[in-house]
Each structure stands twice: as C-alpha cells, then as structure tokens.
Amino acid sequence: RTQQNVTLYELGAIYISREENITKQPDEQLRLAGAITGLWVSHPWQKEEKPVDFYVLKGIVEGLFEQLKLNGVEYVATPLENMHPGRTATIHINGEHVGFLGQIHPALQKKLDLTDTYVFDLDLEYILSLVTEEIGFTPIPKYPSITQDLAFVVAEETPASHIINVIQQAAGKHLKEVNVFDIYQGEHMEPGKKSIAFSLRFQNPDATLTDEEINKARENIVNEVEEQFQAELRG
C-alpha cells in the first residue's frame with residue numbers, strides 16, 4: 001500500500017505436536033512476533049534519517065524485557081534458516097532459549113520484494129511465567145484526539161526543549177504529546193530570530209474534547225510562551 005516505514009506485531013497462539021501421526025491435541029503456546037522496516041527516525045527539518053537496523057530491533061525487544069523487569073537476558077549470534085547470517089541472534093533468559101531476532105536473509109527479501117526487514121519471535125508464555133510483578137496497562141482511548149499546530153518566533157538561542165516544558169505546564173491535563181516539526185531561520189525572518197513550529201495532540205480518555213477546552217488550553221500556552229520567551233505567535 002505504498003507504505004515505506006512499517007512496524008507490526010502480532011500476539012497469538014501457535015500449536016505444536018511432537019507426534020508424526022497426531023493422536024491428541026497439540027500443545028498451545030502463546031508467542032509474540034514483530035516486523036519492522038523503513039526509517040526509524042525521520043526529522044526532515046534537521047535532515048536526519050535513521051533506517052531500521054539490528055540494534056533498533058534489539059532495543060525494542062530489550063525495552064519489553066525492561067518493562068517486565070527481567071534479568072539474565074543474553075543474545076547469542078546464531079545462524080538460522082532464512083535469516084541474515086551476520087545479523088541474527090537467539091535470545092536466552094537464564095540459559096533458556098526464548099526466541100530470536102534479526103534481519104530476513106537478503107535472498108528471501110528479494111524473493112518477497114522487501115527492503116531490509118527485521119523480525120523477532122518470542123515465547124511469550126514462558127517469558128510471562130518469569131514475571132513476578134503485576135503488569136498494568138492503559139486501555140485504548142474511546143474518544144478521538146485533536147491536533148493543534150503552533151509556531152512561535154523567538155530569539156535564536158532559545159532551546160526548543162525549554163518551550164516544550166512551558167507548553168506542557170500550561171496546556172493542562174489533556175495534552176498527550178508535543179513535538180517540534182519545523183525550525184526556520186533565514187529570509188523574511190528578523191536577524192537573531194527563528195521560528196519554531198510545534199504539533200500538539202490533546203485527548204481526554206473519558207469524553208470528547210470541546211472547542212472551548214481546546215481554545216482555553218491554546219490561550220494558556222500562547223500567553224505563557226509569549227511572556228516567558230518574549231515570543232511572537234506566527235499566523
């Protein structure tokens with residue numbers, strides 16, 4: 001579907017039988033698998049791009065183990081069928097094999113018309129059996145989010161991170177995310193000044209946000225940023 005940057009995962013059961021002629025129900029095992037390809041980092045205004053690689057994938061898996069507070073994890077370089085011989089590792093916890101991660105073999109990628117694609121597969125049933133602390137989660141919100149863009153002209157030495165801190169403090173509890181998407185200096189900009197554009201995402205998990213709530217948050221943000229940084233809101 002013309003999508004170049006893709007991250008997918010699937011959580012589900014597989015069925016394993018050790019009998020050549022099946023006489024009983026196979027064993028059911030809960031597994032977690034994922035695939036990732038394309039760019040992991042893309043900041044056009046900084047001209048920064050980072051394609052997915054083995055270490056990006058490994059970082060994702062390590063992040064999962066960190067959330068589950070698991071120790072004794074080892075990654076062992078291992079040749080596996082249909083996997084890149086130099087970019088594949090099996091995963092072990094306390095000496096027990098729990099899965100693998102790596103790049104799909106270039107020959108298979110070519111056959112499937114894929115760009116560089118990295119995958120992992122984990123025995124989640126066994127991994128969860130090692131977890132000793134209760135695991136919590138936040139349900140997917142039922143109500144839509146609203147995005148607002150704001151651009152401020154500030155002194156060129158003003159760090160964007162400082163403005164983000166003020167935005168987060170002024171926006172109220174429904175601000176979920178704020179990111180810089182453009183920085184401009186040059187023609188039509190006063191010397192010593194720059195424009196920083198922010199994308200803000202608001203969401204209330206319990207109700208649909210009203211125009212009044214969004215406008216109030218926006219007003220608070222603009223007032224605080226203008227006051228603290230002698231900023232000017234760009235139209």
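These legends go with a handful of close-ups of one predicted model.

A few ground rules: local features here need pLDDT of at least 70, side-chain atom pairs count only at pLDDT 80 or more, and totals for chains, interfaces and linings use all residues. Residues are numbered from 1 along each chain as its sequence is written, and side-chain values use heavy atoms, with hydrogens and water left out.

**View 1. Confidence along the chain.** The chain averages a pLDDT of 92, and 100% of the residues score at least 70; pLDDT is the predictor's confidence in each residue, from 0 to 100. Among the elements, strand E8 (residues 117-122) has the highest mean pLDDT, 98, while strand E3 (residues 39-43) has the lowest, 83. Elements are DSSP runs numbered from the N terminus: helices are H or I with at least four residues, strands are E with at least two.

**View 2. An open sheet of four strands.** Reading across, the order is E10-E11-E9-E12, and the pairing is antiparallel. Two strands count as paired if DSSP finds at least two bridges between them. The edges are E10 (175-184) and E12 (232-233), each pairing on one side only. Helix H5 (residues 211-229) packs on this sheet, touching E9 (146-155), E11 and E12; touching is contact, meaning heavy atoms within 4.5 Å. The direction of H5 makes about 15 degrees with that of E9. Axes are lines fitted to C-alpha atoms, for helices over the stretch in contact, and angles run from 0 to 180 degrees between N-to-C directions.

**View 3. Zooming in on E10 and E11.** Eight bridges join E10 to E11 (residues 193-202), and the two run antiparallel. Look for Tyr184, whose bridge partner in E11 is Ser195. His188 sits in the loop between E10 and E11. His188 has a positive phi of about 70 degrees although it is not a glycine, and it is exposed, at 77% relative accessible area (exposed is over 50%, buried under 20%, partly exposed in between; 1.4 Å probe, protein chains only).

**View 4. The loop between H5 and E12.** Gln230 lies here, another non-glycine with a positive phi, this one about 50 degrees. Gln230 is exposed, with a relative accessible area of 58%.

**View 5. Thr37 and its surroundings.** Thr37 belongs to strand E2 (residues 27-37) and is buried, with a relative accessible area of 13%. A polar contact of 3.0 Å links its side chain to that of Thr115. Such a contact is a pair of N or O atoms within 3.5 Å; within protein, one must be able to donate a hydrogen and the other to accept it, and residues adjacent in sequence count only if both atoms are side-chain atoms. A polar atom of the Thr37 side chain also lies 2.7 Å from the backbone oxygen of Asp116.
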